[in-house]
Amino acid sequence: MMSKLTEQQRAQLLQMVRDAKQDCLDCDGCFEHLAEFTELELLGQPIPEAMQIVQLHLEQCPCCQAEHSMLIDALQAIDAED
């Protein structure tokens with residue numbers, strides 16, 4: 001027998017569904033644009049609307065967040081060498 005969801009659990013579930021619908025980019029798609037996105041970010045340039053889906057994906061995907069963080073570290077290390 002299944003137990004009933006609490007109000008908080010239902011709210012969390014609905015939020016997860018809403019977030020999943022917004023994130024139309026999969027990890028492969030994110031990786032395709034990650035270098036360009038990160039470069040714009042590090043240069044302090046505005047992120048074009050078409051690239052904002054990368055930001056949304058990064059907010060929701062720990063794997064891609066880790067890749068993004070490593071890319072930032074690598075680019076900053078290269079910049080420090082110059």
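This is a predicted model: local features need pLDDT of at least 70, side-chain atom pairs count only at pLDDT 80 or more; totals for chains, interfaces and linings use all residues.

Modeller: Residues are numbered from 1 along each chain as its sequence is written, and side-chain values use heavy atoms, with hydrogens and water left out.

Biologist: Which element of the chain has the lowest mean pLDDT?

Modeller: pLDDT is the predictor's confidence in each residue, from 0 to 100, and its mean over the chain is 87, with 89% of the residues reaching 70 or more. Among the elements, helix α2 (residues 27–43) has the highest mean, 94, whereas the lowest, 75, belongs to helix α1 (residues 7–22).

Biologist: How many helices and strands does the secondary structure come to?

Modeller: Helices (H or I, at least four residues) and strands (E, at least two) are DSSP runs, numbered from the N terminus. From the N terminus on, the elements run α-α-α-α, and the count is therefore four helices and zero strands.

Biologist: At what angle do helix α3 and helix α4 pack?

Modeller: Axes are lines fitted to C-alpha atoms, for helices over the stretch in contact, and angles run from 0 to 180 degrees between N-to-C directions. The axes of α3 (residues 52–60) and α4 (residues 62–81) lie 6 Å apart, at an angle of about 110°. Because angles of 65 to 115 degrees count as roughly perpendicular, α3 is roughly perpendicular to α4, the angle being about 110°.

Biologist: How many nonpolar residues are there in the contact of α2 with α4?

Modeller: The axes of these two helices come within 10 Å and cross at roughly 35°. Contact means heavy atoms within 4.5 Å, and the residues that make it include Phe31, Leu34 and Phe37 of α2 and Leu71, Ile72 and Leu75 of α4. With Ala, Val, Leu, Ile, Met, Phe, Trp, Tyr, Cys and Pro counted as nonpolar, Asp, Glu, Lys and Arg as charged, and the others, Gly among them, as polar, the contact has three polar and two charged residues, and its nonpolar residues number 11.

Biologist: Is Asp26 buried, exposed or partly exposed?

Modeller: Asp26 lies in the loop between α1 and α2. Buried means under 20% relative accessible area, exposed over 50%, and partly exposed in between (1.4 Å probe, protein chains only). The relative accessible area of Asp26 is 46%, so Asp26 is partly exposed.

Note on methods. Angles under 35 degrees count as roughly parallel, over 145 as roughly antiparallel, 65 to 115 as roughly perpendicular and the rest as oblique.
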